[in-house]
Amino acid sequence: MASSSSLQPDGMGNHDQLTPLEKHVMFFDINKDGIIYPWETYLGFRKLGRNIFRSLLAAVLIHLVLSHKTRPGKWPSLLFPILIKNIKYGKHGSDSDAYDAEGRFVPEKFEEIFKKYAHKNANSLTADEVNELLKKNREPKYYFGWLNATTDWRLLYDLAKNKNGELTKEAVRAVYDGSLFEQMTMARENASKKSS
């Protein structure tokens, strides 16, 4: 019998078999049942150090946008769940395409982000460079995609920028491979222990 730590939600198998996009959202599945509810997203953002208002806003917006997309063929649910196994259906246009249609990481597209937009430092993006990336990746008249991409990148920049106000290549890579949120939570916990 497999240990409980090796089991993944909803029969998803070994953590190593999950797509990077699934790993990216697993952080928010607090009870590890394969379904993310708005209160779990709220708690995840609180663990990342976001205030009550930002955490609540993020939870509401994320679940309003993704719940129905990850539950194809089902009636809408007032609980607005997000099914991790179907998170690939939440992929939107006007993004960097660093995830493919199946939720797999595309290294070439990731590298392209920095080749095209990292002008000041080849290994990081400034706020202006993130804005340029967003503007250049817009699909014509696809406003929903613009809004989603802008929200994703601004949130990432806000969460992961360094003390110089730059979003490092390592941080962006970590968000795509699903490790950034765990890293940030551990860093916050360690800082809290040191200050105690």
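Visitor: In this predicted model, where is D97 found?
Guide: Look past β2, which spans 82–83. Helix α4 covers 107–117. D97 is found in the loop between β2 and α4.

Visitor: What is the phi of D97?
Guide: Most residues other than glycine have a negative phi. D97 is not a glycine, yet its phi is positive. The value is about 65°.

Visitor: Is D97 buried, partly exposed or exposed?
Guide: The relative accessible area of D97 is 36%. Buried needs under 20% and exposed needs over 50%. Therefore D97 counts as partly exposed.

Visitor: Which loop holds K141, and what is the phi of K141?
Guide: K141 lies in the loop between α5 (127–136) and α6. K141 is not a glycine, but its phi is positive. That phi is about 60°.

Visitor: Is K141 buried or exposed?
Guide: The cut-off for exposed is over 50% relative accessible area. K141 has 72%. So K141 is exposed.

Visitor: How are α4 and α5 oriented to each other?
Guide: Their axes come within 10 Å and cross at roughly 115°. Angles of 65 to 115 degrees count as roughly perpendicular. Therefore α4 and α5 are roughly perpendicular to each other.

Visitor: Which residues make the contact of α4 with α5, and how many of them are charged?
Guide: From α4 come I113, K116 and Y117. From α5 come E129, E132, L133 and K136. By class, three are nonpolar and none is polar. The charged count is four.

Visitor: How are α6 and α7 oriented to each other?
Guide: Helix α7 is residues 169–177. It packs on α6 at about 120°, with the axes 11 Å apart. An angle over 145 would count as roughly antiparallel, and 65 to 115 as roughly perpendicular. So α6 and α7 are oblique.

Visitor: How many residues in the contact of α6 with α7 are nonpolar?
Guide: W153, L156 and A160 of α6 take part. The contact has no polar and no charged residues. The nonpolar count is seven.

Visitor: What is the handedness of the crossing where α6 passes α7?
Guide: α6 passes α7 in a crossing that is right-handed.

Visitor: Which backbone nitrogen lies 2.9 Å from a polar atom of the N162 side chain?
Guide: N162 sits in the loop between α6 (143–160) and β4 (167–168). N162 is partly exposed, at 26% relative accessible area. The backbone nitrogen 2.9 Å from its side-chain polar atom belongs to N164.

Technical notes:
Residues are numbered from 1 along each chain as its sequence is written. This is a predicted model: local features need pLDDT of at least 70, side-chain atom pairs count only at pLDDT 80 or more; totals for chains, interfaces and linings use all residues. Side-chain values use heavy atoms; hydrogens and water are left out. Helices (H or I, at least four residues) and strands (E, at least two) are DSSP runs, numbered from the N terminus. Buried means under 20% relative accessible area, exposed over 50%, partly exposed in between (1.4 Å probe, protein chains only). A polar contact is a pair of N or O atoms within 3.5 Å; within protein, one must be able to donate a hydrogen and the other to accept it, and residues adjacent in sequence count only if both atoms are side-chain atoms. Axes are lines fitted to C-alpha atoms, for helices over the stretch in contact, and angles run from 0 to 180 degrees between N-to-C directions. Angles under 35 degrees count as roughly parallel, over 145 as roughly antiparallel, 65 to 115 as roughly perpendicular and the rest as oblique. A crossing is left-handed if the near helix is turned anticlockwise from the far one by less than a right angle, and right-handed if clockwise. Contact means heavy atoms within 4.5 Å. Ala, Val, Leu, Ile, Met, Phe, Trp, Tyr, Cys and Pro count as nonpolar, Asp, Glu, Lys and Arg as charged, and the others, Gly among them, as polar.
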